[in-house]
Amino acid sequence: MTVVDFQETTELVRRYAGEADDLAVELLKRGAGRYSGYRDGRWDGAFAELRALPSEARSELADALVGQYHSAEAGPVARGNVLILLAVVEHGLPGDRLPAERTEKLDELGRENSVVYGDRPLLLAEAELRAGRPLTPEVVAVFRRSALDTYCRKPLVEFAGTLTEPVLNAGEEWADQALRDTLDDPDWQALLRHATTATAAKPSRPWEQRAESLILPLGADRVRTTLLPWLTLVGRRTFALNHGLLGSDGHSAYDPYNANALRGLTWTLALLPAHPDTARALGALVETSLRKIPGLGPRNPKVANAATTALSRIDGEAALAELARLATRVTYKGTLKLLDTALRTRAEALGLSREEVEEIAVPAYGLTGVGRAELRLGEVTAVLEVRGTRVFLGWRNAAGKEVKSVPTAVRRDHAEELKELKTAVKDIDKMLSAQSERLDRQFLARRTWPYTAWRERYLDHPLVGTLARRLLWTVDGTTVGFADGELRTLTDDPVREGGEVRLWHPVGHEPAQVVAWRDWLERHEITQPFKQAHREVYLLTDAERATGTYSNRFAAHVLRQHQFHSLTSIRGWRNKLRLMVDDSAPPATRALPQWGLRAEFWIHGEGDEYGDDTTESGSYLRLATDQVRFYPIDAPENEANCYGSEYRMWPEAGAEPVEPVRIAEVPPLVLSEVLRDVDLFVGVASIGNDPTWQDGGPEGRFRDYWRSYGFGELGQSAETRRMLLERLVPRLAIADRCTLEGRFLHVRGERHTYKIHLGSGNILMTPNDQYLCIVPKSAAAAPQTGYLPFEGDRLLAVILSKAMMLAEDTRITDPTILSQL
C-alpha cells in the first residue's frame with residue numbers, strides 16, 4: 001500500500017467532499033492495512049477537514065459510513081474504522097448512529113492494558129460521553145493506565161485527568177474491595193483519592209499533612225483495620241488483560257494507576273501508631289511486589305520500595321523484625337539498598353553494628369522456651385512447637401490428651417487468641433526460613449561473638465535457638481555441639497562458659513575430625529538446618545595451581561539463565577541478565593568485603609537465534625560458563641559482550657588494569673565457599689540435570705553436553721550425596737534391592753534394573769542403558785528414611801523418591817512412565 005502522507009489525506013477529504021458514498025469508501029480504503037484504525041498523526045489534517053465540513057455534508061457522510069458498516073464486504077477492521085470516523089463527523093449532529101456498536105467496541109477496549117495510539121480510542125470515548133453514557137470503570141482504567149505511559153500524547157493525558165470516578169481502577173481484587181468498602185463514605189473516598197497522588201519516591205511533608213488531616217475524621221484504628229485486609233489481596237486481578245508483558249495469564253502485573261494509590265496507602269500506614277499487623281502486612285507487600293514475572297521482572301519495585309520506606313519509619317520490635325527478615329530474603333538491588341540503609345540507621349541510633357541489629361531484631365513470637373510455648377485457653381492447652389524449620393500448633397484437652405483439630409470451645413470462646421496463634425505460626429515459619437538463610441551466609445562473614453551475647457542471641461533465643469542448637473560452633477577454639485541440654489565436646493564433655501564464639505566450618509579440620517563430628521550428630525540424631533558437618537569442601541587443585549589466576553573446574557556448562565539469575569541473588573551475588581543485543585555486561589560477582597576480595601564468575605549468552613535461544617523480550621534462555629576469578633574488591637570490573645567475547649577491564653584514564661589475585665593466595669575458606677556457590681549454580685541450573693532434555697534441545701545442539709553431564713563424573717556435591725547414601729541405603733525398606741556402584745544408585749525392580757545418577761538424578765535401565773525420563777514434582781519430598789543429617793538437598797529427595805518407586809515398578813500407574821518401561 002502507498003504510504004498516506006499528511007497532504008494526501010487532507011486533499012482526499014476535499015476531493016470527495018460532495019460525494020458522501022465515494023468519500024466513505026476512500027476513507028475506509030486508506031485507513032485499512034498498515035494504518036489500520038487511522039493510528040498515525042498524518043490523519044489529523046483529514047480529521048480537521050472532516051470536522052470543518054457543513055453539517056449537511058457530515059450527516060450524509062455519517063449515513064454513508066453506517067451503510068458501509070452494514071455492508072457484506074465489511075470486516076472487523078473496517079467496522080472499527082467506521083466507528084472512529086463517525087466519532088469525528090457526528091460531532092454536533094442530531095442523533096447517535098451505531099451507539100450499541102460503539103459501546104461494544106469500548107467494552108473490548110476495557111480488556112486492554114493500555115492503548116498505544118490513544119487518540120483514536122479517545123474519539124470513541126468522547127462520542128460516548130456526548131451521547132450521555134458514562135464510560136465503564138474498565139474503560140476508565142485503560143485511559144488512566146495509558147496516560148501514565150511516557151509516550152502518551154497530551155490530549156489523552158488531559159482527558160484521563162478528567163476521569164475522576166471511580167477513585168481506583170477496577171480489575172484488581174484489592175482495589176475492587178476498597179471501592180466496595182468505601183462506596184458511601186466520602187471521608188474514605190477523599191483519603192483514597194489523596195493516595196492516588198503518591199507519584200514521588202517519598203512523601204513530602206505537605207502530602208503527609210494532608211493525609212493526617214484525612215485520617216483524623218476516620219480514626220487511626222479504623223484506617224488500619226479497614227486498609228490492611230486490602231493489602232492481602234494485592235497481586236491478583238479479577239479479570240485478565242490482553243497484554244503479553246503482564247505474564248502468561250494476564251493477571252500478574254500491577255495496575256500502574258492503582259500502584260500509585262498503593263504507595264500512598266503504605267505512606268498512610270506509616271503515619272498511624274505502630275502495630276504488629278501493620279509491620280506484617282507491609283513486609284508481605286514488599287515480597288508480593290518483588291515477585292518476578294517471566295519477561296518483565298519484579299512486579300512493582302516502586303510499591304516494594306514504598307512499603308520498605310514505610311516500615312523504616314515505624315517504631316517498635318515488629319517493624320524492625322520485618323526489616324531484618326526482608327534483608328535476608330530480598331534480592332532486588334534498589335529495595336535491598338533501602339533495607340540496608342534502614343537497618344544501618346537503626347544500628348547507629350542504638351550504638352550497635354548492622355549485624356547486631358539483625359540479631360536483636362528477631363522476636364520470640366510468644367515462645368517461652370527454645371522452640372516451644374504453651375497457652376492455656378479455658379480447659380484446653382495450645383502447644384506451639386518448632387520442629388526443624390517448621391512450626392506446628394497442637395492441642396491438649398483438659399485430661400492432657402492430644403487432639404487433632406481445634407477444639408470447639410476454643411473456636412467459640414477464644415476466637416481472638418486462636419487468630420493470634422495462627423498468625424504466630426505463619427510469622428515463625430517465615431522467620432525461621434529467613435534466619436536459616438542468614439546463618440548459612442555467616443561462614444564468610446568472619447563474625448565472632450562474646451560468649452554471653454552469643455548465648456542470648458543464638459543458643460538460648462526462643463526462635464533462633466532452634467537453629468543454633470543444631471549447628472556446630474567453636475568456643476575458644478574448641479568445637480562444640482548442643483545435646484542433652486548442654487554444649488558438649490566430641491567426647492560429650494559439657495562446656496558451660498567461654499570467651500569467644502565462632503561458627504564452625506570443616507575447612508582447616510582434619511577429615512577424621514569432620515567424620516567424627518558427623519558421627520556425633522548422628523548419634524544424637526541432630527538434623528542440621530543446612531549442610532555444615534557435611535558441607536562440601538573445595539580445595540585448590542593442581543590444575544588451578546597451574547593456571548595461576550583462575551579456576552576452570554566449572555567452565556563449559558550450559559545453564560538456564562533465569563534460574564541461574566535467581567540463584568545468584570539468593571546467594572548474595574550480583575548479576576545482570578544477558579540480552580541478545582549489542583551490549584556488554586560484567587560477570588556475575590560476589591563482594592567479600594571482610595576479605596577485601598571480589599569473586600567473578602565469567603558467563604555469556606548461548607545461542608544466536610532470536611526466539612529459539614531467547615525469550616520474547618530478548619533475554620537469553622541459556623548461558624555458557626567460563627572461569628572463576630578473584631580480584632581486590634576495589635578493582636574495576638571486567639566486561640564482555642553479552643553474546644560472548646573476551647572479558648576486559650576498563651580502568652579510568654591513565655590507570656593500569658588490576659591483575660587478578662593468584663588463586664593460591666585466596667584464603668581456603670573463601671575459595672571453598674565461592675566454588676560451592678558456583679557448584680550450586682551449575683548443579684541446579686544446568687540443562688544436564690533436566691530429564692526432558694534428552695533430545696539435546698534446539699536442533700539437538702546440547703545432546704553431547706546433556707549426556708556427559710547427566711551421566712558423567714560426580715562433582716563435589718554429588719560425592720557428598722554418595723557418602724550420605726552409603727549410610728542411608730541400608731536403612732531403607734528397599735535396601736535389599738539397592739546397591740551403590742560408582743556414579744550410580746542401582747535399583748532392582750521386577751521389570752528392569754535401574755541406574756540413578758547421583759549428580760543429575762537421571763535414570764538408565766536395562767537392557768542397553770535405555771534412558772528413562774521421570775520428571776519429578778516441583779516440590780519433591782524425601783520419603784521416610786529415618787534420620788537425615790541435614791535439610792535442603794532436594795536432589796537427594798528426588799533420588800530417594802525415584803528409588804522407592806522403581807523398586808516396586810509393577811505398581812507404577814503413570815502412563816507416561818509405563819510407556820517407557
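User: Is Arg 102 buried or exposed?
Analyst: Burial is read from relative accessible area: under 20% is buried, over 50% exposed, and in between partly exposed, using a 1.4 Å probe and protein chains only. Arg 102 has a relative accessible area of 3%, so Arg 102 is buried. The model is predicted: local features need pLDDT of at least 70, side-chain atom pairs count only at pLDDT 80 or more, and totals for chains, interfaces and linings use all residues. Residues are numbered from 1 along each chain as its sequence is written, and side-chain values use heavy atoms, with hydrogens and water left out.

User: Where is Arg 102 found, and which residues does Arg 102 touch?
Analyst: Helices (H or I, at least four residues) and strands (E, at least two) are DSSP runs, numbered from the N terminus. Arg 102 is in helix H6, residues 99-109. A contact means heavy atoms within 4.5 Å. Leaving aside residues up to four places away in sequence, Arg 102 touches Leu 83, Glu 90, Asp 96, Arg 97, Leu 124, Ala 127, Glu 128, Ala 131 and Arg 133.

User: What does the chain look like in overall numbers?
Analyst: The chain has 821 residues, and 52% of them count as buried. Its secondary structure comes to 31 helices and 24 strands. Along the principal axes, the C-alpha atoms fill a box of roughly 105 × 70 × 70 Å. Take the contacts with a separation of 6 or more: residues 24 or more positions apart account for 67% of them.

User: How do I read helix packing, say for H16 and H18?
Analyst: Under 35 degrees is roughly parallel, over 145 roughly antiparallel, 65 to 115 roughly perpendicular, and the rest oblique. Helix H16 (residues 301-312) and helix H18 (residues 333-350) pack at about 5 degrees, with axes 9 Å apart. H16 and H18 are therefore roughly parallel to each other. On the H16 side, the contact is made by Pro 301, Ala 304, Asn 305, Thr 308, Thr 309, Leu 311 and Ser 312. H18 brings Gly 334, Thr 335, Leu 338, Leu 339, Ala 342 and Arg 346.

User: What is the class make-up of the contact of H16 with H18?
Analyst: Ala, Val, Leu, Ile, Met, Phe, Trp, Tyr, Cys and Pro count as nonpolar; Asp, Glu, Lys and Arg as charged; the others, Gly among them, as polar. This contact has six nonpolar, six polar and one charged residues.

User: Is Lys 302 buried or exposed?
Analyst: Lys 302 lies in helix H16. At a relative accessible area of 54%, Lys 302 is exposed.

User: How are pockets and cavities told apart?
Analyst: Both use a 1 Å grid over the protein atoms alone. A cavity is a set of points where a 1.4 Å probe fits but cannot get out; a pocket is an open set with protein on both sides within 12 Å along at least five of seven lines. Lining residues have an atom within 4 Å of a point. Grid points are joined across faces, edges and corners, and a volume is the space filled by probe spheres set on the points.

User: What is the volume of the second largest pocket, and which residues lie nearest its centre?
Analyst: The volume is about 1300 Å³. The second largest pocket is lined by 44 residues, with Asp 277, Arg 280, Thr 423, Ala 424 and Asp 427 nearest its centre. H21 gives the largest share of this lining, ten residues. By class, the lining has 21 nonpolar, seven polar and 16 charged residues.

User: And which residues line the largest cavity?
Analyst: The lining is Arg 518, Glu 522, His 534, Leu 724, Arg 727, Leu 728, Arg 731, Tyr 787 and Pro 789. The largest cavity has a volume of about 70 Å³. H29 gives the most to its lining, with three residues. The class count is four nonpolar, one polar and four charged.

How values were computed. Axes fitted to C-alpha atoms, helices over the stretch in contact; angles between N-to-C directions.
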